[in-house]
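Subject: Model handover and notes

Hello,

The structure is handed over below, with its sequence. My notes on it follow.

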Amino acid sequence: MNLDKRDLLQMYKMMLLIRRFEEQCVEFYKNGEIRGSLHPCIGQEATAVGACYALRKDDYLTCTYRGHGQALDKGLDPKEAMAELLGRSTGCSKGKGGSMHFTDPDVGLLGENAIVGAGAPIAVGAALSAQLDGIDRVSITFFGDGAVNQGAFAEALNLAAVWNAPIIFFCENNLYSEMTPIADMVNIEQLADRAAGFGIPAVTVDGYDPVALYEATLAAVDRARSGGGPTFIEAMTYRLVGHMIGDTEPYRTQEEVAEWRARDPIHAFPQRLVDEFGVSQAEIEAAQAEVEAQMAEVVRFALDSPWPSADEIAQDIFA
Ligand SMILES: Cc1ncc(C[n+]2csc(CCOP(=O)(O)OP(=O)(O)O)c2C)c(N)n1
Ligand SMILES: [Mg+2]
């Protein structure tokens with residue numbers, strides 16, 4: 001493994017930051033500071049951090065409406081992200097995009113996308129542009145299990161394969177598409193099996209193991225960067241909260257949620273760092289204190305930020 005203690009602590013801090021960020025979002029949503037839809041990635045932080053830790057800042061990323069974690073891990077400033085959620089002019093999209101439209105080209109974030117499966121063709125286009133320009137950038141696209149039956153998604157996989165595009169298709173299989181179990185939507189055990197039909201190598205990984213996710217992604221990134229073409233990664237994960245705020249979760253059992261919660265990487269990973277990697281309890285506590293201080297700053301910045309002015313309403317739009 002080429003991760004040292006510092007890397008692992010950094011990964012833990014990012015996971016914790018994402019969790020605290022999302023918990024704060026839920027609080028802001030409930031008191032009316034955040035409007036519209038909000039789809040927290042609580043429980044899925046390990047996929048964002050394990051995968052994005054294998055990327056360079058100039059690599060491209062597209063993700064879904066559940067993409068806060070990936071956006072932050074790719075380098076989006078959490079202050080700008082929170083300001084965006086609160087509709088403030090200091091937000092990454094000047095307060096006009098909201099939760100489902102985080103974008104920051106400076107860190108390769110080509111956008112979250114509210115349309116299921118729509119990020120894949122965009123990411124293939126970005127990968128193709130890097131290939132045509134002779135730049136060794138790779139592209140990664142995150143999508144849910146619900147995206148694999150979308151036509152545009154199949155087209156994206158096929159074009160990536162025939163063009164040998166430098167891209168990683170990263171499936172967060174959290175077992176549900178909104179309220180529908182994946183088992184009711186496909187007749188195969190692992191979604192990674194789909195990739196073989198396109199001639200794309202694929203792997204299924206434990207989505208609650210940040211180290212395994214990093215290693216799988218790094219192998220895929222190395223392949224893509226060295227001209228070896230696309231890879232499909234399926235991470236078996238779980239959201240520990242509803243699909244969106246207000247979801248009463250009648251489609252799954254409390255026992256199933258409890259089983260996954262017992263493995264929650266936010267608690268399991270720091271314990272593993274202590275048990276297996278020689279990290280001290282004091283180092284874990286220092287990391288936690290750092291994240292709390294950062295979050296306090298994020299909240300203060302967002303709440304103190306100004307609203308966009310009314311005359312900005314028609315700016316930055318196509319028509
Ligand atoms: C093209 C399209 N069809 C339907 C929807 C409505 N919709 C929003 S989220 C969602 C579920 C997607 O599930 P999945 O891809 O597994 O992602 P998850 O929410 O589990 O992260 C659906 C069907 C949509 N946004 N876009
Ligand atoms: Mg899903």
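A residue is called buried if 20 or more other C-beta atoms lie within 10 Å of its own, exposed if 12 or fewer do, and partly exposed in between, with C-beta atoms placed from the backbone. By that rule Glu249 is partly exposed, because 15 other C-beta atoms lie within 10 Å.

This is a predicted model, in which local features need pLDDT of at least 70 and side-chain atom pairs count only at pLDDT 80 or more, while totals for chains, interfaces and linings use all residues. Residues are numbered from 1 along each chain as its sequence is written, and chains are lettered from A and ligands numbered from 1 in the order in which they are written.

Glu249 has a positive phi near 55° and is a residue other than glycine. Its place is the loop between strand E8 (231–236) and helix H8 (254–261). Helices (H or I, at least four residues) and strands (E, at least two) are DSSP runs, numbered from the N terminus.

Leu175 is not a glycine either, yet its phi is positive, at about 75°. Leu175 sits in the loop between strand E4 (167–173) and strand E5 (176–177). Leu175 counts as partly exposed because 16 other C-beta atoms lie within 10 Å.

Helix packing

Two packed helices are described by the angle between their axes and the distance between the axes. Axes are lines fitted to C-alpha atoms, for helices over the stretch in contact, and angles run from 0 to 180 degrees between N-to-C directions. Angles under 35 degrees count as roughly parallel, over 145 as roughly antiparallel, 65 to 115 as roughly perpendicular and the rest as oblique. A crossing is left-handed if the near helix is turned anticlockwise from the far one by less than a right angle, and right-handed if clockwise. Two residues are in contact if their C-beta atoms, placed from the backbone, lie within 7 Å. For residue classes, Ala, Val, Leu, Ile, Met, Phe, Trp, Tyr, Cys and Pro count as nonpolar, Asp, Glu, Lys and Arg as charged, and the others, Gly among them, as polar.

H1 with H2: the axes of helix H1 (residues 5–30) and helix H2 come within 9 Å and cross at roughly 140°, so H1 and H2 are oblique to each other. Their crossing is right-handed. H1 contributes Met11, Met14, Met15, Ile18 and Arg19 to the contact, and H2 contributes Glu45, Ala46, Ala48 and Val49. Seven residues of this contact are nonpolar, none polar and two charged.

H1 with H9: H1 packs with helix H9 (residues 265–277) at an angle of about 165°, with the axes 10 Å apart. H1 and H9 are therefore roughly antiparallel, and H1 passes H9 in a left-handed crossing. On the H1 side the contact has Lys5, Leu8, Tyr12, Met15, Leu16 and Arg19, which meet Pro265, Ile266, Phe269, Pro270, Leu273 and Phe277 of H9. By class this gives 10 nonpolar, no polar and two charged residues.

H5 with H6: helix H5 (residues 119–133) and helix H6 (residues 151–163) have axes that come within 8 Å and cross at roughly 20°, so H5 is roughly parallel to H6. The crossing is left-handed. Ala120, Pro121, Val124, Ala127 and Leu128 of H5 make the contact with Ala152, Phe153, Glu155, Ala156, Leu159, Ala160 and Trp163 of H6. That contact has 11 nonpolar, no polar and one charged residues.

Burial

Helix H2 (residues 45–52) is mostly covered, with eight of its eight residues buried. Gly69, in helix H3 (residues 68–74), is buried because it has 29 C-beta neighbours inside 10 Å. Leaving aside neighbours within four places in sequence, Gly69 is in contact with Ile18, Cys41, Gln44, Glu45 and Ala48. By contrast, Asn158 of helix H6 is partly exposed because 15 other C-beta atoms lie within 10 Å.

Ligand surroundings

Which residues come nearest to ligand 1? They are Val116, Gly144, Gly146, Ser177 and Glu178, out of the 15 residues around ligand 1. A residue is near a molecule if its C-beta atom, placed from the backbone, lies within 6 Å of it. The shell around ligand 1 divides into five nonpolar, six polar and four charged residues.

Regards
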